[in-house]
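Please keep the sequence and the 3D view at hand while reading.

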Amino acid sequence: MAALTSCTQKEEPEEPDDPDPERLDEDPEPYPAPGPSGEIDLTDEQLDQQGNLKQAAADALEDGNLNGALEKLTEAFKIGNVSAMMYAKRAELLLKLKRPCACIADCNAALKINPDSGKAYRVRGKAHRLLGHWEEAHQDLAESQKLDFDDDTVELQKLVDAKYKKIAERKNKERLRAEKQKEKEKRRRKEEAQRAYEEAKKQSTPGPGYGGFPGGFPGGFPGMPGGMPGGMPGGMPGGMPGGMPGIDPSMLSGIMSDPELMQAFSDPKMAAAMQDIMSNPANIGKYQSDPDVMNVINKVMGAFSKFGGGGMPGGMPAGFGAPGGSANSASTSTGPTVEE
């Protein structure tokens, strides 16, 4: 099916030193009325009347009466069964009257009836050229010459192709420039993230009180009944006074050096969820359907196992623990099992 175009295409920018004296302004609606839709059976009298009106339009055009020709042709449209050629001829007449948008509307109507109308493509291409729509003009004129070659269109096509080529080259340069800038920005963000990670990693190096989570854990880690004996009194805003009874220091250091866990703990939503679970491990059931929370829980439990803790002290409710597991995963063990 033929592509339909609009009069309000985005206008391609002109070169500053390349004015176009033939450029036309967009003409406003309303445009001349289209013919009745659909095929109808015309009587011999109607056919004769339509033929007479078409001839009257041709005579007016020959006499240079463009408005009279348009009026007669539009009357012929009202009778019905308007062909693609009739639309294309009225479009050509509208373009002579410097109404390029109305012309494009009639060409679109012609191409709906006959997608292979070389004349409709040619006239629409000329209208786009006069509006400065160089890309659309290039496409329409190329299609018209392919369907119905016209010697008189060759020079116009050369002009349009030259304009289109300059615009295409400029767009390509702009695209490459934008891609280069995007790649540069991507590298900058990556370097900043790497620097932030290295800084966080330095701050998490074990020392007196193990340095704490940067910025602290909102509200602190309350004691974990049956889990982390002694809990984390006073939260972790600037260290953990006295350490964490029941947790091997190397294990805690390993958890704190994991950048993904550090990032997760800085999220207020994740902090609240962890605090809720640590206050009562059974509360993990609330978050079973939250993949973000469960992923962090599984990573924490995996870290305990990795650093020799054999799982979170005190365990979690049955069915939780292995990464990717759920409450529906039956387990014969009373504590969590973490697969490496």
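K98 sits in the loop between helix 3 and helix 4 (100-113). Helices here are DSSP runs of H or I with at least four residues, strands are runs of E with at least two, and both are numbered from the N terminus. The model is a predicted one, in which local features need pLDDT of at least 70 and side-chain atom pairs count only at pLDDT 80 or more, while totals for chains, interfaces and linings use all residues. Residues are numbered from 1 along each chain as its sequence is written, and side-chain values use heavy atoms, with hydrogens and water left out.

Although K98 is not a glycine, its phi is positive, at about 60 degrees. K98 counts as exposed because its relative accessibility is 57%; buried means under 20% relative accessible area, exposed over 50%, and partly exposed in between, with a 1.4 Å probe and protein chains only. N81 is another non-glycine residue with a positive phi, near 55 degrees. N81 is placed in the loop between helix 2 and helix 3 (84-96). With 22% relative accessibility, N81 is partly exposed. As background, most residues other than glycine have a negative phi, and most peptide bonds are trans. The bond between E29 and P30 is cis, with omega about 5 degrees. P30 belongs to the segment before helix 1.

Two packed helices are described by the angle between their axes and the distance between the axes. For helix 3 and helix 4, the angle is about 170 degrees and the axes are 8 Å apart. The axes are lines fitted to C-alpha atoms, for helices over the stretch in contact, and angles run from 0 to 180 degrees between N-to-C directions. Helix 3 and helix 4 are therefore roughly antiparallel, a term for angles over 145 degrees, as against roughly parallel under 35, roughly perpendicular from 65 to 115, and oblique for the rest. Helix 3 contributes A84, Y87, A88, R90, A91, L94 and L95 to the contact, and its partners in helix 4 include P100, A102, C103 and D106. Contact means heavy atoms within 4.5 Å. The residues of this contact are 13 nonpolar, no polar and two charged. Ala, Val, Leu, Ile, Met, Phe, Trp, Tyr, Cys and Pro count as nonpolar, Asp, Glu, Lys and Arg as charged, and the others, Gly among them, as polar.

L147 has a relative accessible area of 34% and is partly exposed. Leaving aside residues up to four places away in sequence, L147 touches D116, S117, G118 and Y121.

Taken whole, the protein chain has eleven helices and zero strands. Of its 340 residues, 39% count as buried.
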